[in-house]
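Please consult the sequence and the coordinates alongside the text.

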Amino acid sequence: MRFNWNFDYIKGSKIAYIFSIILTITGIISILALGLNYAVDFRAGSNVDISVSKAITAEQIKPIVKDIGVDEGDVTITPGADRVNVRFSNELDETQESKFKEEFTKLDASASYEVNTVDPEMAKELERNAIYAVLIASIGIMIYVAIRFEWRFGLAAVIALFHDAFVVISVFSIFRLEVDLTFITAVLTIVGFSINDTIVIFDRIRENLRFAKKTTKADLREVVNRSLAQTMTRSLNTTFTVFAASICLFIFGGESIRMFSLAMVIGTLFGAYSSIYIAAPLWLMLKGKQVDKPKTVAKESN
């Protein structure tokens with residue numbers, strides 16, 4: 001039995017726009033006030049990731065931090081049942097690193113360590129390259145869609161992509177979730193997933209336009225609603241598949257890909273949402289102005 005997806009999606013886009021605007025403003029305020037919780041990848045310092053065989057508390061680690069000559073205020077300790085993360089704002093030298101491992105081994109003799117150190121210049125370069133990667137990808141997508149379809153499709157698609165990326169960034173800023181290199185990978189993956197869904201909808205709109213009358217904005221609205229209904233099953237199936245895989249990675253995956261998985265979970269949902277309620281209605285708004293223009297000219301000539 002096939003579900004009937006014939007709804008007035010454009011009508012619902014008004015609520016979607018309000019929701020997205022509120023979310024965007026909240027995100028901007030959060031980023032300006034709090035910034036992002038950068039991992040050691042994007043700021044100078046040392047990150048010590050420790051696999052432990054028993055639970056270790058932050059109170060047990062603080063004396064070790066003090067013994068190696070580091071101020072407690074410059075250290076973030078994240079304890080766990082089988083993993084402990086200690087992030088230092090400054091780089092540890094070889095002596096401090098060796099002493100830390102030596103003292104921690106007294107708490108857990110079977111502990112294993114992974115130490116990552118990033119100097120200030122490398123941190124700035126990584127942050128700069130991450131921004132460039134997202135911008136270049138978005139510009140490339142806009143050029144491709146504009147050539148493949150028309151500039152209105154390209155503009156609508158890129159606005160939806162920036163919306164998806166910014167929503168994920170905003171959520172990470174609001175809830176102080178850690179932003180590392182895997183997060184950037186997730187954002188680029190979300191951009192790719194979202195544009196794929198958007199292209200399918202736009203392709204169906206273009207196909208339906210060939211056989212539909214386009215004399216009024218209402219005609220275009222009917223084409224968009226029909227195109228969304230025709231692609232809805234495919235969009236939901238694709239979204240559910242990626243969402244389910246991302247949830248499994250988040251629950252069962254390792255600590256190193258947890259933020260990647262969480263970003264994918266958020267981005268997958270908003271990617272499908274923006275393709276339906278942001279990109280398609282935005283194209284209709286842009287295209288509708290072109291349809292209404294000849295009428296205005298005709299009235300003026302009379």
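## Basis of the description

Two residues are in contact when they have heavy atoms within 4.5 Å of each other. With neighbours within four places in sequence left aside, A186 is in contact with F260, A263 and M264.

The model is predicted: local features need pLDDT of at least 70 and side-chain atom pairs count only at pLDDT 80 or more, while totals for chains, interfaces and linings use all residues. Residues are numbered from 1 along each chain as its sequence is written, and side-chain values use heavy atoms, with hydrogens and water left out.

## Overall architecture

The protein chain holds eight helices and six strands; these are DSSP runs, numbered from the N terminus, with helices (H or I) of at least four residues and strands (E) of at least two. Their order along the sequence is α-β-β-α-β-β-α-β-α-α-β-α-α-α. The protein chain has a radius of gyration of 25 Å, well over the 19 Å given by the globule rule for 302 residues, so it is more spread out than a compact globule. That radius is taken over C-alpha atoms, and the globule rule is 2.2 Å times the number of residues to the power 0.38.

Along the principal axes, the C-alpha atoms of the protein chain fill a box of roughly 90 × 50 × 30 Å. Of the 302 residues, 43% are buried, where buried means under 20% relative accessible area, exposed over 50% and partly exposed in between (1.4 Å probe, protein chains only). Among contacts between residues at least 6 apart in sequence, 80% join residues at least 24 apart.

Helix α6 (residues 181-209) and helix α7 (residues 217-252) have axes that come within 9 Å and cross at roughly 150 degrees. This makes α6 roughly antiparallel to α7. Axes are lines fitted to C-alpha atoms, for helices over the stretch in contact, and angles run from 0 to 180 degrees between N-to-C directions. Angles under 35 degrees count as roughly parallel, over 145 as roughly antiparallel, 65 to 115 as roughly perpendicular and the rest as oblique.

The crossing of α6 and α7 is right-handed, a term that applies if the near helix is turned clockwise from the far one by less than a right angle, with anticlockwise giving left-handed. The contact of α6 with α7 comprises 10 nonpolar, eight polar and four charged residues. In this classification Ala, Val, Leu, Ile, Met, Phe, Trp, Tyr, Cys and Pro count as nonpolar, Asp, Glu, Lys and Arg as charged, and the others, Gly among them, as polar.

Helix α4 (residues 120-148) packs with α6 at an angle of about 10 degrees, their axes being 11 Å apart. This makes α4 roughly parallel to α6. Residues of α4 in the contact include L126, A130 and A133, and those of α6 include L181, I184 and V187. By class, the contact of α4 with α6 has 15 nonpolar, no polar and three charged residues.

## Packing of α1 with α7

The axes of helix α1 (residues 9-34) and α7 are 9 Å apart, and the packing angle is about 90 degrees. The two helices α1 and α7 are therefore roughly perpendicular to each other. From α1, the contact involves Y9, I10 and K11, which meet R221, V224, N225, L228, A229 and M232 of α7. These residues divide into six nonpolar, one polar and two charged.

## Individual residues

A186 lies in helix α6 and counts as buried because its relative accessibility is 0%. A186 and G267 are 81 residues apart in sequence, yet their C-alpha atoms are 8.3 Å apart in space. T95, in helix α3 (residues 94-107), counts as exposed at 60% relative accessibility.

R176 lies in the loop between α5 (151-174) and β6 (178-179). Its phi is near 55 degrees, a positive value in a residue other than glycine. At 33% relative accessibility, R176 counts as partly exposed. Leaving aside neighbours within four places in sequence, R176 is in contact with L34, G35, L36 and N37. R176 and L36 are 140 residues apart in sequence and 6.9 Å apart in space, C-alpha to C-alpha.
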